[in-house]
Amino acid sequence: MERRFGGAAIVAALAILSLMLAMPQRATAQQTVPSEPVKADQAASEQAKIDPAKIDLGKAIFAERCSHCHGPNMVNPGTITPDLRRFPDDHDRFVNTVKNGKNNRMPPWGDVLNDDDIAELWAYISSRRTQ
């Protein structure tokens with residue numbers, strides 16, 4: 001038995017097919033979408049911007065431990081300390097500098113500050129970045 005479809009049925013079938021083809025495909029476990037890897041320091045900086053509690057804790061640590069050299073506003077004109085508001089968005093460099101010191105001028109703080117303290121300092125400094 002032969003069936004004939006009307007023009008409207010064909011148009012409807014084509015419309016449904018085009019909608020199905022236009023819909024985004026769901027990713028399966030076997031599919032991977034290539035993308036650029038997110039740097040650890042970039043992720044840390046992003047986290048710092050959205051976590052006000054860490055920023056507040058970092059501000060308190062900065063005031064107690066860092067402001068005597070770096071100044072209360074992260075800049076101490078006339079000294080050898082850098083303007084921390086312009087510190088590069090480089091989490092790894094920051095952690096290394098805080099833990100190990102720098103150029104025999106900044107003392108190492110790795111034995112005084114734990115990783116959480118340093119992460120909170122990073123959150124505060126990142127939140128004040130002017131670059």
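Predicted model: local features only at pLDDT ≥ 70, side-chain atom pairs only at ≥ 80, totals over all residues.
## Side-chain contacts at a glance

Residues are numbered from 1 along each chain as its sequence is written, and side-chain values use heavy atoms, with hydrogens and water left out. Let's look at rings, charges and cysteines in turn.

**Aromatic rings**

- The model has four aromatic pairs (rings of Phe, Tyr and Trp, using the six-membered ring of Trp, with centres within 6.5 Å; planes under 30 degrees apart are stacked, over 60 edge-to-face and the rest tilted).
- One of them is the tilted pair of Phe62 and Tyr124, with 5.7 Å from centre to centre and 55° between the planes.
- This pair links distant parts of the chain, as Phe62 belongs to helix 3 (residues 52–70) and Tyr124 to helix 5 (residues 115–127), 62 residues apart (helices are DSSP runs of H or I with at least four residues, strands are runs of E with at least two, and both are numbered from the N terminus).
- Are Phe62 and Tyr124 buried or exposed? Both are buried.
- Phe94 and Trp122 make another tilted pair, with centres 5.1 Å apart and 45° between the planes.
- Phe94 lies in helix 4 (residues 91–100) and Trp122 in helix 5, so their pairing ties together parts of the chain that are 28 residues apart in sequence.
- Phe94 counts as buried because its relative accessibility is 5%.
- Which residues form one aromatic cluster? They are Phe87, Phe94 and Trp122.
- Phe87 also has a charged neighbour: the charged end of Arg93 sits over the Phe87 ring, 5.1 Å from the ring centre (NZ of Lys or CZ of Arg must be within 6 Å of the centre and within 35 degrees of the ring normal).

**Salt bridges**

- Side chains of opposite charge can pair when their charged atoms come close.
- How many salt bridges does a search of the whole structure find? The search finds five (a side-chain nitrogen of Lys or Arg within 4 Å of a carboxyl oxygen of Asp or Glu).
- Among them is the bridge between Glu64 and Arg65, whose closest N and O atoms are 3.6 Å apart.
- Glu64 is exposed at 57% relative accessible area, whereas Arg65 is partly exposed at 29%.
- Lys99 and Asp115 also meet through their side chains, at 2.9 Å from N to O.
- That bridge links distant parts of the chain, with Lys99 in helix 4 and Asp115 in helix 5, 16 residues apart.
- Lys99 counts as partly exposed at 30% relative accessibility, and Asp115 as exposed at 52%.

**Cysteines**

- The count of disulfides is zero (a disulfide is a pair of cysteine sulfur atoms within 2.5 Å).
- Cys66 is in no disulfide, and the nearest cysteine sulfur, that of Cys69, is 8.7 Å away.
- Cys69 is likewise in no disulfide, its nearest cysteine sulfur being that of Cys66.
- Cys66 is buried, with a relative accessible area of 14%, while Cys69 is partly exposed at 36%.

How values were computed. Buried < 20%, exposed > 50% of the residue type's maximum accessible area, 1.4 Å probe, protein only.
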